[in-house]
Amino acid sequence: MSTELLFRADAYLKTETAQVVAVHERGIEIDRTIFYPAGGGQAGDSGHLLRANGERIVIADTRKGDAIDQVLHVPAPGMPQPAPGETLTLEIDWQRRYAMMRLHTALHVMSCVVVAPVTGGNIAPDKARLDFDIDMSLLNAEKIERETNAMIARGVETETVWISDEELDVRPELVKTMSVQPPRGAGRVRLLSIPGIDLQPCGGTHVKNTAEIGGIRVLRIRNEGKRNKRVEIALAK
Ligand SMILES: [Zn+2]
């Protein structure tokens, strides 16, 4: 069963209502969701589902199911089980998600400061990282921080753009992430555009304007292997 992914059109939805579709050992499925399932290096959302009787079902994690756009809301241990057909009020842990939206968008900007193939990445609420296939001597924390923050400070509006699989096939340069190819088969691919800065396939959640990031700090740069030079960042404040 696929879920309508409301965060794709509006990453700022903090609460919504939805109907329970199925409940099983892997999690709760609902017809539409604002919970982002872990993917593309970004952690899954936490939050809660509120029942009409006032009971709260704490959601510890959100994951992708096996089907396209299938989302599994994973309850914390010991939570009450809703019934199929029941209407729930969804609420995500907004502070946590918003921090990840800011960090995620910051990684897009940083990937245009460090110009090298991306071999990995991760976004958690408190820090984020990208791995690059680059020589360590070319990575300078102070320079990366200064140039990334200068781009962020331009206050550029971000945009979601959809292109067909065929259009992406003729523009392979758009795919910077060697380890993760964008999902094919749905006929179209979602891109994040930061005009004048970055354009690449991405299904994650982003801020509307780079100014919302505020700024970043480079926490450390580490050699994680021949093709993995890791740059780890946090929000400046
Ligand atoms: Zn993204």
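Visitor: How much space lies in the second largest pocket?

Guide: The model is a predicted one. In this model the second largest pocket is lined by 16 residues, and the closest to its centre are Ala9, Ala11, Thr158, Thr160 and His206. The space in this pocket comes to about 180 Å³.

Visitor: Which element gives the most to the lining of the second largest pocket?

Guide: Two or more residues of the lining come from each of α1 (6-9), β11 (159-164) and β12 (188-194). The element that gives the most, with three residues, is α1.

Visitor: How many bridges join strand β10 to β15?

Guide: β10 covers residues 128-132 and runs antiparallel to β15. Across this pair, Arg129 stands opposite Glu232 of β15. The number of bridges joining the two strands is five.

Visitor: Is Lys229 buried or exposed?

Guide: Lys229 is found in strand β15, which spans residues 229-235. Leaving aside neighbours within four places in sequence, Lys229 is in contact with several residues, including Leu130, Phe132, Ile134 and Met136. Its relative accessibility is 7%, and the cut-off for buried is under 20%. Because of that value, Lys229 counts as buried.

Visitor: Which backbone oxygen does the side chain of Lys229 reach?

Guide: The side chain of Lys229 also has a polar contact of 3.4 Å with the side chain of Asn223. The backbone oxygen is reached at 2.6 Å, and it belongs to Gly225.

Visitor: What distance separates the C-alpha atoms of Lys229 and Val218?

Guide: Lys229 lies in β15. Along the chain, Lys229 and Val218 are eleven residues apart. The distance between their C-alpha atoms is 13 Å.

Definitions and conventions: Residues are numbered from 1 along each chain as its sequence is written. This is a predicted model: local features need pLDDT of at least 70, side-chain atom pairs count only at pLDDT 80 or more; totals for chains, interfaces and linings use all residues. Side-chain values use heavy atoms; hydrogens and water are left out. Helices (H or I, at least four residues) and strands (E, at least two) are DSSP runs, numbered from the N terminus. Buried means under 20% relative accessible area, exposed over 50%, partly exposed in between (1.4 Å probe, protein chains only). Contact means heavy atoms within 4.5 Å. A polar contact is a pair of N or O atoms within 3.5 Å; within protein, one must be able to donate a hydrogen and the other to accept it, and residues adjacent in sequence count only if both atoms are side-chain atoms. Two strands pair if DSSP finds at least two bridges between them. On a 1 Å grid over the protein atoms alone, a cavity is a set of points where a 1.4 Å probe fits but cannot get out, and a pocket is an open set with protein on both sides within 12 Å along at least five of seven lines; lining residues have an atom within 4 Å of a point. Grid points are joined across faces, edges and corners, and a volume is the space filled by probe spheres set on the points.
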